[in-house]
Amino acid sequence: RRWRLFPRRAAGGFFRDAQIELLRSSDVVVETLAEVLNLKELTGDTELVVAASHASCITMAKLFKQKLGTILDKNIGVATIIRTPQPPNSEETKPKVEIVGNVKDKTVLIVGDVVDTGGTLCRAAKVAKWGGAKKVYAFSSHPILSRGAAARLNKSPLEKLVVLDTLPVPASKHDKCPKLEQISIANAIAQKIVESHFQPKV
């Protein structure tokens, strides 16, 4: 058997003779994430908004919205960060970044699958603040953090960036970005293994 975090599609071609167990980050980290970010202290019923870091993460944002809504017993809003490429003849080369959804006077949690250079996430945080967000947090499953990402993210409007330990993050990057917090999924993987071996199939 093989276990891996979402997305699942890439694994299928490598492990054709093995069963793939889907382990979504929304299933294993939301409770811990709520504690790390003190989300249970939010008092307003619609004070929290979960924003997809890009269009392909909309499903992920909806799952986090549902899980957090259950844990916090509150109505959670949802938004999406949209990146629009510039016209071919434009002097501006970076895509236009906008947020679709109401974030004014809200606490925003941007969720995504991978944070690499951090440029897109930094722009998303800025757009959320421009939209009137009170605080902006972010969660990413896989912290690549290449090419100066740690320092870049530390200068961004993000209050905190929470990542999983699917990839090692050197101490030097933690030093450059005190906003970075890494949480373990070891217990979640261990539980999946136990369920696979010892719980009877229906």
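This is a predicted model: local features need pLDDT of at least 70, side-chain atom pairs count only at pLDDT 80 or more; totals for chains, interfaces and linings use all residues.
## Overall composition

The protein chain has 202 residues, and 40% of them are buried. Its secondary structure consists of eight helices and nine strands. Among contacts with a separation of 6 or more, 63% are between residues 24 or more positions apart.

The accessible surface of the chain is about 11300 Å². Carbon and sulfur atoms contribute 50% of that surface.

Strand S3 covers residues 48–52, and five of its five residues are buried. Leu48, Val50 and Ala52 point one way from the strand, while Val49 and Ala51 point the other way. Both sets of side chains are buried.

S3 pairs with two strands, S6 and S4. With S6 (residues 107–115) the pairing is parallel and runs over five bridges. With S4 (residues 77–84) the pairing is also parallel, and four bridges join the two strands. Ala51 has a bridge partner in each: Ile110 in S6 and Ala79 in S4.

## Thr80 in strand S4

Thr80 lies in strand S4. Its relative accessibility is 13%, so Thr80 counts as buried, the cut-off being under 20%. Leaving aside neighbours within four places in sequence, Thr80 is in contact with Ala52, His54, Ala55, Ile58, Glu98, Ile99 and Val100. Of these, Ala52 belongs to S3 and is itself buried.

## The aromatic pair

The count of aromatic pairs comes to one. Phe64 and Phe139 form this pair, with 5.3 Å centre to centre and 40° between the planes, and the arrangement is tilted. The pair links distant parts of the chain: Phe64 is in helix H4 (residues 58–72) and Phe139 is in strand S7, 75 residues apart. Both Phe64 and Phe139 are buried.

Side chains of opposite charge can pair when their charged atoms come close. One of the salt bridges joins Lys134 to Glu47, with the closest N and O atoms 3.0 Å apart. This pair links distant parts of the chain, 87 residues apart: Lys134 is in the loop between helix H5 (119–130) and S7, and Glu47 is in the loop between helix H3 (30–36) and S3.

Lys160 and Glu181 form another salt bridge, with the closest N and O atoms 3.2 Å apart. Here too the pair links distant parts of the chain, with Lys160 in strand S8 (residues 160–164) and Glu181 in strand S9 (residues 180–183), 21 residues apart. Lys160 counts as partly exposed at 21% relative accessibility, and Glu181 is partly exposed at 28%. In the salt bridge between Lys40 and Glu31, the closest N and O atoms are 3.0 Å apart. Lys40 counts as partly exposed at 48% relative accessibility, as does Glu31 at 37%.

## Nonpolar surface patch

Val114, Ile144 and Leu167 form a nonpolar patch on the surface. Together these residues have about 220 Å² of accessible area. Ile144 is placed in the loop between strand S7 (135–143) and helix H6 (149–154). Its relative accessible area is 41%, so Ile144 is partly exposed.

Notes
Residues are numbered from 1 along each chain as its sequence is written. Side-chain values use heavy atoms; hydrogens and water are left out. Buried means under 20% relative accessible area, exposed over 50%, partly exposed in between (1.4 Å probe, protein chains only). Contact means heavy atoms within 4.5 Å. Accessible areas come from the Shrake-Rupley method with a 1.4 Å probe; for residues, only the protein chains shown count as cover. Patches are made of residues with over 30% relative accessible area and no salt bridge: like charges are joined within 9 Å, nonpolar side chains (Val, Leu, Ile, Met, Phe, Trp, Tyr) within 5 Å. A salt bridge is a side-chain nitrogen of Lys or Arg within 4 Å of a carboxyl oxygen of Asp or Glu. Two strands pair if DSSP finds at least two bridges between them. Rings of Phe, Tyr and Trp (its six-membered ring) pair if their centres lie within 6.5 Å; planes under 30 degrees apart count as stacked, over 60 as edge-to-face and the rest as tilted.
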